[in-house]
Amino acid sequence: MKPAPFDYVAARSVEHAVELLAGDTEAKVIAGGQSLMPILNMRLGRPELVIDIGRLDVLNHVRISESGALLVGAAATQTQLLAHPGINRGWPLLATAVSNIGHPQIRNRGTICGSLAHNDPAAELPATAIALDATMHIQSSRGLRTIPAEQMFVGPFMTALAPDDLLIEAEFPLPPAGAGWSFREFATRPGDFATVGVAVQLIRRDGVVADTRIVLFGVGGSATRVHSAEEVLMGSSPSRVENQVRAQLEAELNPADDVHASAGLRQDLAEKLTIEAIAEAWERCA
Amino acid sequence: MSPRGGKGPIHPATPPLSEPSAWHDISLTVNDEQVSAQVESRLLLTDFLRHRLRLTGTHVGCEQGSCGACSVLLDGVVVRSCLTLAVQANGRDLRTVEGLAGPDDPLTTLQQAFHEQHGMQCGFCTPGFLMSLAGLAEDGGTPSSDEIDEHLTGNFCRCTGYVNIRKAARQAFGLPDPEEPSDG
């Protein structure tokens, strides 16, 4: 199919983009378009106006801030992030998650912030952003505000962004020294949307888990942080509480049946991948 | 009409303007030729190439980014032209499968490898495979076997085993045949 008619404006600046977003028309923002274009082509969405921020140099950056955080502008592609020289050393969880997104051909156009703002329930980045305690920098005509990733993702394809909000930058703090990590997903074929996946960050101190974040995707409407499983792990070593972690996943997760997988398969995958990921993150702790 | 072996700038005819507010003037380079045109906001880059420039080597498969048959190089980087608006190509440098070797030129190393290894099945996906690998070649250096396969997976189009395509890709980059057992 072809998109329904819309108007297109290449934003001249961030201010211009948010001014257009604050107007009366039903508008959507495009950067790489790897999520929006399929929606337009299938006519699942019919915006009146498409605002292109992909050419704004001020948003086209992947850089490390003075405080050591990774700043990813809204026009920066996933390929740009993977090419950053500091990414594998500082943010290996993020690099691994991004390398699981689609194919090189998709990552060459797709942006980090675009995937975060789109919030597909099967997407890698929302779960990864929560696991890494990322921060979203949001601009609107009302001003600039900042929210933690954990408050960003509210449901399938739904975020805390208001219709006139523009996600301008995602900030990933440097993980604590010695933190272990793991990213695992199951997809029918490489490059497909994951059926289920999990991102884990874990800190080991004195032979026990001192802190951890366990975030799954593909098991509900949005990325799901499993606080109860994290609490079971605290102060223990993963191998000793494996059954309790599994029990918490069984109690907390409630995946639905759909054309891609049954609820039972999703639950089994969630438990298997999470147990494996926790063990791997534990092993990676320095 | 064709940016392949044409003379001077190309200005394809503009269809009747049904929604004047949503039209844009664009100019870009397509296969080393200057192209200027008026395009509707919603026109996909794929359809601009095929319908307006008559460059039908770029194929339309799924129109949702899955199959890769529409792959082109945008500023030297391989992208899905079905997930790119024509207006987004304004000012950019575009290369399609027609831009690899002209009708009277010898085949490129990549095309020759596909020819020699019979690197195709029904052939519908072939332009996309060629452009994905041309994009990989633009990165410079010799890619690893895994990098080649990762690029090939972006063009899977549901035929069969891709054995000859993998052979052709490796030949093009001077790597050993994946199906032949290596010595030692």
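Guide: What follows is a conversation that sets values against definitions.

Guide: This is a predicted model, in which local features need pLDDT of at least 70 and side-chain atom pairs count only at pLDDT 80 or more, while totals for chains, interfaces and linings use all residues. Residues are numbered from 1 along each chain as its sequence is written, chains are lettered from A and ligands numbered from 1 in the order in which they are written, and side-chain values use heavy atoms, with hydrogens and water left out.

Visitor: What makes a residue such as Val62(A) count as buried?

Guide: Buried means under 20% relative accessible area, exposed means over 50%, and partly exposed lies in between, with a 1.4 Å probe and protein chains only. Val62(A) has 15% relative accessibility, and therefore counts as buried.

Visitor: Where is Val62(A) found, and which residues does Val62(A) touch?

Guide: Val62(A) is found in strand 4 (residues 62–64) of chain A, where helices (H or I, at least four residues) and strands (E, at least two) are DSSP runs numbered from the N terminus. Leaving aside residues up to four places away in sequence, Val62(A) touches Leu70(A), Leu71(A), Val72(A), Ala76(A), Gln80(A), Leu81(A) and His84(A), a contact being heavy atoms within 4.5 Å. Val72(A) is ten residues from Val62(A) along the chain, and their C-alpha atoms are separated by 4.6 Å.

Visitor: Why is helix 5 of chain A called largely enclosed?

Guide: Helix 5 covers residues 92–99 of chain A, and six of its eight residues are buried, so the helix is largely enclosed by the rest of the structure. The buried residues are Pro92(A), Leu93(A), Leu94(A), Ala95(A), Ala97(A) and Val98(A).

Visitor: How do you know that Arg184(A) and Glu280(A) form a salt bridge?

Guide: A salt bridge is a side-chain nitrogen of Lys or Arg within 4 Å of a carboxyl oxygen of Asp or Glu. The closest N and O atoms of Arg184(A) and Glu280(A) are 3.4 Å apart, so the pair meets that rule. The pair links distant parts of the chain, with Arg184(A) in strand 11 (residues 180–186) and Glu280(A) in helix 12 (residues 263–284) of chain A, 96 residues apart. Arg184(A) has a relative accessible area of 26% and is partly exposed, and Glu280(A), with 22%, is partly exposed too.

Visitor: What are the accessibilities of the partners Asp258(A) and Arg266(A)?

Guide: Asp258(A) and Arg266(A) form a salt bridge whose closest N and O atoms are 2.6 Å apart. Asp258(A), at 37% relative accessibility, counts as partly exposed, whereas Arg266(A), with a relative accessible area of 6%, is buried.

Visitor: What does the salt bridge of Arg92(B) and Asp75(B) tie together?

Guide: The side chains of Arg92(B) and Asp75(B) meet at 3.2 Å, N to O. Arg92(B) lies in the loop between strand 4 (77–80) and strand 5 (93–95) of chain B, and Asp75(B) in the loop between strand 3 (71–74) and strand 4, so the pair ties together parts that are 17 residues apart in sequence. Arg92(B) is buried, with a relative accessible area of 19%, whereas Asp75(B), at 42% relative accessibility, counts as partly exposed.

Visitor: What is meant by the area buried between chain A and chain B?

Guide: Buried area is the accessible area (1.4 Å probe) that two parts lose on being put together, summed over both. Between chain A and chain B this area is about 2,600 Å², of which carbon and sulfur atoms give 50%. Tyr8(A), Gln105(A) and Arg109(A) supply 25% of the area that chain A buries against chain B, more than any other three residues. The contact takes 29 residues from chain A and 32 residues from chain B.
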